[in-house]
Amino acid sequence: MIYDRQRTALHAARPGAAILWAAALTLAVIVCPHPAALAVLCAGLPLLAWAAKVPRPVLLAAAFAIPFALIWVITNGLLVREGLTVVLRLGGVPPFGEIDVTAEALAQGGVLALRGMAALQIGLLASACVDPDRLLLGVRRIAPRAGLTGAVAMRLAPALADDGRRYADGLRCRADGGDLGGRERLLVMSATVGRAIDRADQVAAILELRGLRRSTPVAAPGARRAPWSRHDFALVTSALAVAALAVAGRLGGLVVFDPYPTFDAAPALPAVLWAAAILLVAGAPLLARRGTEPPR
Amino acid sequence: MTAAAATTARPGTLAPLIRARGLELAYGTGGPVIRGLDLEIGEGEFVVVAGASGSGKSTLLGALCGLVPHTTGGTLAGELTVGPCDLRTDGPDAFGRLCGWVGQDPEAQLVLGTPRGEIALGPQLRGQAPGAVARAVEEAALALHVHTLLDRQPRTLSGGEQQRVAIAAALAQHPRVLVLDEPTSQLDPVGGEELISLLRRLHEEWGMTVVLAEHRLERCLSAATRVIALDEGRIAFDGAPADFCAWSAIDAPALATGVSRLLAPHGLASAAVTVRDARAALASHELLPPEPGLGGDVARLPPEQAAGARPDGATARPGLRSRLFGRSTGADPAVAVRGGWRELRDGAVLLRGVDLEVEPGEAVALMGRNGAGKSTLLRALAGLDELERGKVERAGRIALLLQRPADHLLHERVADELWDGVDLAAAGLDRVPGLLARHPSALSGGERQRLAALVVAGRQRPAVLCLDEPTRGLDRAARALLATQLAALRAQGTATIVATHDPEFAAEIADRVVLLAGGEVLADAPAREVLAGGWAFATEVARVLRGAGGAITLEQGTALLAPPPPVEGAESPDPAC
């Protein structure tokens with residue numbers, strides 16, 4: 001759970017609106033195959049995160065994704081045998097046979113890597129801004145038990161992580177303790193897993209006492225719907241505009257990119273402008289500073 | 001009033017709400033934990049359940065909520081009903097409609113991501129309308145003073161705050177019976193008294209039936225209308241708090257409060273329910289010693305009880321203050337922290353320039369409210385957390401016993417935690433049957449605490465042993481054994497630093513008390529000076545005697561009072577209990 005309660009429009013909006021906004025951004029990333037546009041989106045997402053006052057997880061995600069992106073590019077170059085512009089001849093490599101690395105395969109690998117990186121950033125931005133409890137409350141309106149199970153599972157995971165940290169501390173602060181070696185780490189892990197059943201047992205008892213097995217139907221939590229805020233409207237409008245821009249860019253040929261057999265790409269400048277427009281439209285609601293206290 | 005005559009609801013209460021007939025409860029293949037219990041509790045009573053560890057308190061409370069045996073397993077004989085719910089046929093869901101339950105470990109009871117969700121869960125699951133749910137959350141949060149915490153993550157709350165949220169979650173369901181198992185065990189003295197006051201208010205204003213188990217009886221007797229003492233699963237006493245004080249002082253000194261035992265030699269134990277009554281009784285018998293400034297001083301104590309002398313015969317060592325004034329023993333400190341400053345990334349400051357020095361063999365108690373910085377200081381001393389500023393000088397290894405002893409016992413068998421040649425007798429564990437083959441969780445709280453202390457201290461004697469709330473959930477006998485274990489370590493030169501909310505334990509083991517507040521040292525002085533001179537952190541004996549003679553322990557208080565007149569039929573209580 002990386003939710004970070006801040007005062008921004010994204011935090012203040014209802015979870016559905018925020019999720020829709022993030023989904024529209026993801027749609028733009030999916031429909032766009034142009035590397036220049038994707039690069040702009042990847043570079044611009046931390047700016048959106050900064051505007052949402054949660055830059056840290058998004059930047060960490062970007063940093064975390066860079067080595068994987070490189071691996072993706074290299075793997076695609078080695079495994080895909082399409083493209084005509086050979087940049088490296090590796091000769092016969094058993095059991096793969098003759099391997100020629102092409103510029104097109106490398107570029108396509110880069111596109112996939114940029115898409116992955118952008119999707120990861122969007123996911124973490126949404127995780128940091130959407131209150132999981134409010135989200136699960138919404139799920140519980142539709143599927144009460146599923147929503148409650150999700151909420152409990154989300155609580156159980158950090159509780160077990162805390163347990164693990166405490167057990168590690170318990171070993172470290174022995175008089176003959178110290179830094180933990182592999183054996184001690186294994187012991188901590190086995191104790192944490194072993195006691196997870198006790199944790200689950202406790203939670204089950206508490207839930208039963210509070211009426212989980214009740215015979216009466218569960219009340220729809222928060223069925224008294226709150227009115228839409230201007231942040232809700234702004235984010236939904238922004239999401240629709242982003243989605244429209246994304247589809248229009250794709251259908252209008254602004255972000256066309258087909259690497260095989262040789263590069264066939266739309267000019268870079270329109271693609272970059274398209275990506276910048278996506279970021280501007282998506283970022284506009286985040287400029288609001290009034291009424292951004294997340295609801296209680 | 002003894003068990004034979006006392007199984008009915010108290011006069012002045014409504015019809016019996018809780019009724020047990022020949023109730024027997026057992027876990028697994030062991031013998032019954034509750035044996036043939038006959039009991040009636042009327043609606044609107046405030047019942048304190050007393051008893052040593054293993055006497056069956058938690059089992060009885062669990063049964064009142066349907067948790068035992070339905071979720072814990074075990075066997076049931078006889079009958080127990082709470083209102084229309086029958087333990088033979090109904091489980092926790094049915095009992096939960098009438099009973100709110102608050103257990104020993106509040107963190108384990110918080111299952112959702114925020115206190116707001118936690119408090120709302122019960123009413124939601126019971127099908128209440130959204131408006132009613134919102135009102136229940138608001139009312140419970142205001143009653144428990146947790147309305148400012150509603151949107152925080154449970155893990156960021158202190159133990160006391162978690163306890164309040166757990167009680168609010170129980171109250172939001174508007175239970176007719178509130179069952180609490182050692183609810184003050186995590187709280188500082190002030191927090192504990194506030195909680196008891198709140199329960200008293202709920203009881204008096206809402207007419208709620210409260211059933212509460214506690215080891216620290218002195219905190220809750222004044223609020224109770226009835227006390228039930230259990231001994232090996234049977235009712236040993238059932239009566240009014242004043243009668244309990246008189247009974248326990250003679251017949252069950254292990255359960256008696258310090259004031260009961262202080263007054264018992266004078267035949268006044270029944271006046272030990274509140275400090276006010278105790279003082280009035282002493283005054284009426286002209287036994288009350290003059291207060292400090294009114295002629296009372298330490299010189300009135302016998303020489304062996306005078307300042308600096310401790311019950312175990314050890315001599316108090318000079319504190320930092322005395323060393324600063326040139327009366328140091330000259331020994332290098334076992335551990336010293338200078339200008340210790342610890343802060344969190346979000347800006348919270350936990351320690352603000354703390355200075356502390358502890359000599360080899362010295363025992364220091366750290367006291368203060370929840371969140372004062374006690375645990376943070378211990379973690380910094382043990383090297384678990386780094387200080388932002390300042391430094392820690394250590395003469396050797398520092399061991400730290402964390403708040404939950406189970407955090408140190410990670411193996412499946414006790415034997416795997418130990419080593420060849422371990423001295424189990426020093427920890428009072430040599431007579432625990434089948435110890436080595438048992439799982440650590442199968443030990444009693446006291447046994448687990450002593451085992452953890454043994455494991456943490458390790459094969460080689462540490463320079464310093466730190467203990468974080470070591471008496472939490474322990475009865476008096478277990479606390480005495482732990483004190484003996486610590487004394488043995490001190491005798492070998494190990495310094496001990498104990499963070500505690502238990503003034504009686506601090507008085508028993510500490511040479512010196514360091515009082516922390518907001519991450520700063522408020523006082524660093526000999527135990528007698530701190531524990532006799534204040535109110536919130538004074539021992540019970542000191543509160544009754546208002547610091548006269550600097551008496552903080554039962555022995556010192558007894559010595560201070562005039563020689564008791566002979567009381568017919570009264571036996572002298574065993575001060576060692």
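I began with an open sheet in chain B, where six strands run in the order β15-β16-β17-β13-β18-β19 with mixed pairing. Strands here are DSSP runs of E with at least two residues, helices are runs of H or I with at least four residues, and both are numbered from the N terminus. Two strands pair if DSSP finds at least two bridges between them.

The model is predicted, so local features need pLDDT of at least 70 and side-chain atom pairs count only at pLDDT 80 or more, while totals for chains, interfaces and linings use all residues. Residues are numbered from 1 along each chain as its sequence is written, chains are lettered from A and ligands numbered from 1 in the order in which they are written, and side-chain values use heavy atoms, with hydrogens and water left out.

I then went along the pairs. β15(B) runs parallel to strand β16 (residues 464-468) of chain B, with four bridges. Leu401(B) has Leu467(B) of β16(B) as its bridge partner. β16(B) is also parallel to β17(B), over five bridges, and Cys466(B) stands opposite Ile497(B) in β17(B). Strand β13 (residues 363-367) of chain B pairs with β17(B) in the parallel sense over four bridges; here Leu366(B) stands opposite Ala499(B).

I also noted a helix at this sheet. Helix α16 (residues 445-457) of chain B lies across β15 and β16 of chain B and runs at about 160 degrees to β15(B).

**Entry: strand β17**

How many residues of strand β17 (residues 495-499) of chain B are buried? Five of its five are. Buried means under 20% relative accessible area, exposed over 50%, and partly exposed in between, with a 1.4 Å probe and protein chains only. In a regular strand the side chains alternate between the two faces of the sheet. On one side of β17(B) I found Ala495(B), Ile497(B) and Ala499(B), on the other Thr496(B) and Val498(B), all buried.

**Entry: the three-stranded sheet**

A second open sheet in chain B has the order β12-β11-β14 and antiparallel pairing. Its edges are β12 (349-358) and β14 (389-394) of chain B; each has a single partner strand, so one side of each is left without a neighbour in the sheet. Direction ignored, neighbouring strands of this sheet are turned by 15 degrees against each other on average. Strand β11 (residues 335-343) of chain B is joined to β12(B) by seven bridges, and the two run antiparallel. Ala336(B) stands opposite Glu357(B) in β12(B).

**Entry: aromatic rings**

Rings of Phe, Tyr and Trp (its six-membered ring) pair if their centres lie within 6.5 Å; planes under 30 degrees apart count as stacked, over 60 as edge-to-face and the rest as tilted. This rule gives six aromatic pairs over all chains. One of them is Phe237(B) with Trp247(B), stacked at 5.0 Å centre to centre with 25 degrees between the planes. Phe237(B) is in strand β10 (residues 234-239) of chain B and Trp247(B) in helix α10 (residues 241-251) of chain B, so the pair ties together parts that are ten residues apart in sequence. Both residues are buried. Phe237(B), Phe244(B) and Trp247(B) form one aromatic cluster.

In α10(B) the buried residues include Pro241(B), Phe244(B) and Trp247(B). Among the parts that cover the buried residues of α10(B) are β3 (46-51), β9 (226-231) and β10 of chain B.

I looked for charges over rings, where NZ of Lys or CZ of Arg is within 6 Å of the ring centre and within 35 degrees of the ring normal. The charged end of Arg195(A) sits over the ring of Tyr167(A), 4.9 Å from its centre. That of Arg389(B) sits over the ring of Trp341(B), 4.5 Å from its centre.

**Entry: between the chains**

I found 54 residues of chain A in contact with 56 residues of chain B, contact meaning heavy atoms within 4.5 Å. The area buried between chain A and chain B is about 4600 Å², and carbon and sulfur atoms give 52% of it. Buried area is the accessible area (1.4 Å probe) that two parts lose on being put together, summed over both.

Key:
Axes fitted to C-alpha atoms, helices over the stretch in contact; angles between N-to-C directions.
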